[in-house]
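Dear colleague,

Please find below the structure that I am handing over to you. My notes on what was found in it follow directly after.

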Amino acid sequence: MAPETLPLLTPYKMGKFELSHRVVLAPLTRQRSYGNVPQPHAVLYYSQRATKGGLLIAEATGEQVEAWKPIVSAVHDKGAIFFCQIWHTGRVSNYGFQPNGQAPVSSTDRGILPVAQHDDSVAEYSPPHRLRTDEIPHIVNDFRLAARNAIEAGFDGVEVHGAHGYLLEQFMKDSVNDRTDEYGGSLENRCRFPLEVVQAVVDEIGADRVGIRLSPFTDYMESWDSDPEALGLYMAKALSKLGLLYCHVVEPRMTIVEGRRKLQHGLLPIRKAFQGTFIAAGGYDREEGNKAVNSGYTDLVAFGRLFLANPDLPKRFLLDAPLNKYNRLTFYTPDPVVGYTDYPFLDSSA
């Protein structure tokens, strides 16, 4: 396939944003902030991966406006578009992370079992407090303020984190949500709180600057749904009515076919139901990404581990150059360089 015909490297208009290619930096938890404040080394990390007309989505983040400003500025200096992922972990937390050592909050009062980590440690999660109906508007307002702060920091928009077992998904998925009020039971009720959050963010900064990430097919943090396709379709249709800029959805888990990992490509019904820009994520490589864009399966493709290990990923795709291998052991280490900004670029002679 000639470089000029690579579907992944064709321009795309996402609302008011002119993208020069369709290779998106997925939001990746990197744990390189100290004291919950982004550090100067994040300037290098994000600007390394910024290209003119490229879309970057920052890791899920807290509201540190001043600390993010130089990072956003460096990305914009490279001509890239930068969105900030805003989140609430819900029950994926413990007393030590909460104000005054109080319980985390969730749709339920059922906790998560301890989870083994990459470094052989064990993550412990404290039993959550089931949010009362009168407490929910305060959480909605927190998301609204987070969106405002992201724009104040200079981000072009925000991505609401509605995936991977965090708070919004704890309401959406029936394995977790055991409520009997207007926020539980039916699919409509379970999606009520996430949609209230999105509506508040849209009201604050405009739908043309708001995206969302969903993972209806996954089971992160003991969060799964008995009918994930129905959940995805319902959210896609509801989000379309709000005029959301994009919907970013994680593929179902890969299957092994003839000894090779194979994408299940289970997002097409959701893609058809959503009227804005569609971003697919979940184990894509150059070949699968090109196929997905070329067939109309998705508009853009988000790359995580490959973009982490290859800061010049669009260029490598263009040249069909070899890729650096990522080191899983350094994904979450606090080092400001190792596994963060030390992945090499292509030799200049390439």
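Helices α6 and α7 are roughly parallel to each other, because the angle between them is under 35 degrees. Please note that the model is a predicted one.

To give the particulars of this pair, α6 covers residues 192-205 and α7 covers residues 228-241. The two helices pack at an angle of about 25°, and their axes lie 11 Å apart. The crossing of α6 past α7 is right-handed. On the α6 side, the residues that take part are P194, L195 and V198, and they meet Y234, M235, A238 and L239 of α7. Sorted by class, this contact has seven nonpolar residues, with no polar and no charged ones.

Strand β4, which spans residues 55-61, is mostly covered, as seven of its seven residues are buried. β4 runs parallel to strand β5 (residues 81-86), and five bridges join the two.

Is S106 buried or exposed? Its relative accessible area is 0%, and S106 is therefore buried, the cut-off being under 20%. Beyond its neighbours within four places in sequence, S106 is in contact with R91, P128, H129, R130, L131, L167, Q170, F171, V176 and R179.

With kind regards

Technical notes
Residues are numbered from 1 along each chain as its sequence is written. This is a predicted model: local features need pLDDT of at least 70, side-chain atom pairs count only at pLDDT 80 or more; totals for chains, interfaces and linings use all residues. Side-chain values use heavy atoms; hydrogens and water are left out. Axes are lines fitted to C-alpha atoms, for helices over the stretch in contact, and angles run from 0 to 180 degrees between N-to-C directions. Helices (H or I, at least four residues) and strands (E, at least two) are DSSP runs, numbered from the N terminus. Angles under 35 degrees count as roughly parallel, over 145 as roughly antiparallel, 65 to 115 as roughly perpendicular and the rest as oblique. A crossing is left-handed if the near helix is turned anticlockwise from the far one by less than a right angle, and right-handed if clockwise. Contact means heavy atoms within 4.5 Å. Ala, Val, Leu, Ile, Met, Phe, Trp, Tyr, Cys and Pro count as nonpolar, Asp, Glu, Lys and Arg as charged, and the others, Gly among them, as polar. Buried means under 20% relative accessible area, exposed over 50%, partly exposed in between (1.4 Å probe, protein chains only). Two strands pair if DSSP finds at least two bridges between them.
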